[in-house]
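Please look through the sequence and the model shown here before reading on.

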Amino acid sequence: MTGKAASPMFLLHPSRGLIDEKFSLIVQNLSQIQDITLHALIHSDDGDYWEAFGHYVSDATGFVNVANDSSLGGTYDGVEPMGLLWSMRPVPGSRIGLRLRKKEVHTPMVVHISVYRGHMSQGFREQVALASVVTERWYMAPGVRRVDITEGGVTGTLFLPPGPGPFPALLDLWGGGGGLVEYRSALLSSHGFVSLALEYMTPRTSGGTDIGFCSYLNSAAFTVLKEHPQVCGDSIAILGLSFGTSVALGMAVYSTVIQPRCLVCVSGSHVQPVKGSLSDVFGEINKNVRNTRYDEENRVIWRDLLLPIPTDPTKKVDVGQLKCPVLMIVGEDDQNWPATESAEDMKQMMEKEGNSHLLTTLSYPGAGHLIEPPYSPHIRASNFMVAGTKQKLVVLWGGETAPHGHAQEDSWKKILSFLEEHLYRSTDVTSQSNL
């Protein structure tokens, strides 16, 4: 008489890790050549549910190994070890225009992974799973410290790696939507960098023509980093996404105070009035508001607002004067910002001035505007509130799910390598990360 067959079971490693860390996922004790669906579910900080799923067939030994086996359908196809994360989307019936962003970085992103019999695409809540497992995905490694900063006109959050330091540092600038976004800085600190997430899109900094474009950052935010006792004052970089790229480039070229060791510019442009306030910058953009386009779902396409790239030198940062290395990350399907055209114009300007050796451009076919840390869900469109006017829109960011997910993974590895090369290798400190 044979014993009862063992129940299906997950082997997941690590069950707790950084958000950018791959995991190994195996299902064992299945029947031979059995159709199954792997399903991942997240309950976001905003109270919404996100899911992803893949269709698999077990092998002759009753195993499915996500690292080696191909998904035959679902929210992703093919051999995709992390497809259950980067292909996540809001569950059916969710609110329109959602974007998955971690707000409480001191808590993990909890992912519930289940296996179901057969190839399913809906109705997961009505079915009983064969087995389930939970994994925690963290932005903050153990020992990373989070410090609120409200001094000298600066509003932001400082993240400090474990240990006495001193460490290289970054000023972390997000885009035109404003607000204080912390999760990228938390992750950078988990990799051994002090990182200051700065809230700079405020009425004080964007509303007045009497405020120089970089003066607030010059006199305060960069100084907070430079003078911190755990920071190597001569090893500070600036990382900008979207409009944050414009700010980073402007500071690096025109500031007499800020001398970054290197720049990382994601999905951005150098097009902006050379000597204007933030309100002047938006005013210049608004002159081309007639170039706004909409897709078939009435989602806003803004990439044409800066096109054609101006030839007038007063309307773009003189990147030919850059003195530090620059890493440009470009999504070739960016529907929000003319990142491809901007990167090409920057290259031409720098070649003319003889400093093009400082520019490295990574261009990704099929990637959109919101190039985030790896395994973050691809967001093709989402709600957006225009800073200043508070107008609410649904903006098309662009990109296709699989190539965008691959671009996020590849670019993040190269961002970390770039920062290590230009910040850490010039110091005596040793990178500290890992959970």
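## Rings, a pocket and annotated positions

Arg101 lies over the face of Trp174, 5.1 Å from the ring centre, where a charge sits over a ring if NZ of Lys or CZ of Arg is within 6 Å of the ring centre and within 35 degrees of the ring normal. The charged end of Arg125 likewise sits over a ring, that of Tyr49, at 4.6 Å from its centre.

The model is predicted, and local features need pLDDT of at least 70, side-chain atom pairs count only at pLDDT 80 or more, while totals for chains, interfaces and linings use all residues. Residues are numbered from 1 along each chain as its sequence is written, and side-chain values use heavy atoms, with hydrogens and water left out.

Rings of Phe, Tyr and Trp (its six-membered ring) pair if their centres lie within 6.5 Å, and planes under 30 degrees apart count as stacked, over 60 as edge-to-face and the rest as tilted. By this rule there are nine aromatic pairs, including the two in the table.

| Pair | Centre to centre | Angle between planes | Type |
|---|---|---|---|
| Phe53 and Phe124 | 5.3 Å | 50 degrees | tilted |
| Trp302 and Phe384 | 5.7 Å | 80 degrees | edge-to-face |

Trp302 and Phe384 are both buried.

What is the volume of the second largest pocket? The volume is about 530 Å³, taken as the space filled by probe spheres set on grid points that are joined across faces, edges and corners. A pocket is an open set of points on a 1 Å grid over the protein atoms alone, where a 1.4 Å probe fits, with protein on both sides within 12 Å along at least five of seven lines, and lining residues have an atom within 4 Å of a point. Of the 24 residues that line the second largest pocket, the closest to its centre are Arg89, Pro90, Arg299, Arg380 and Ala381.

An unreviewed UniProt entry places the feature "active site" at Ser242, Asp334 and His369, although such annotations may be inferred rather than shown by experiment. These residues are spread over 128 residues of sequence, yet they cluster in space, with a largest C-alpha distance of 10.5 Å. Asp334 is buried, with a relative accessible area of 3%.

Terms used. Buried < 20%, exposed > 50% of the residue type's maximum accessible area, 1.4 Å probe, protein only.
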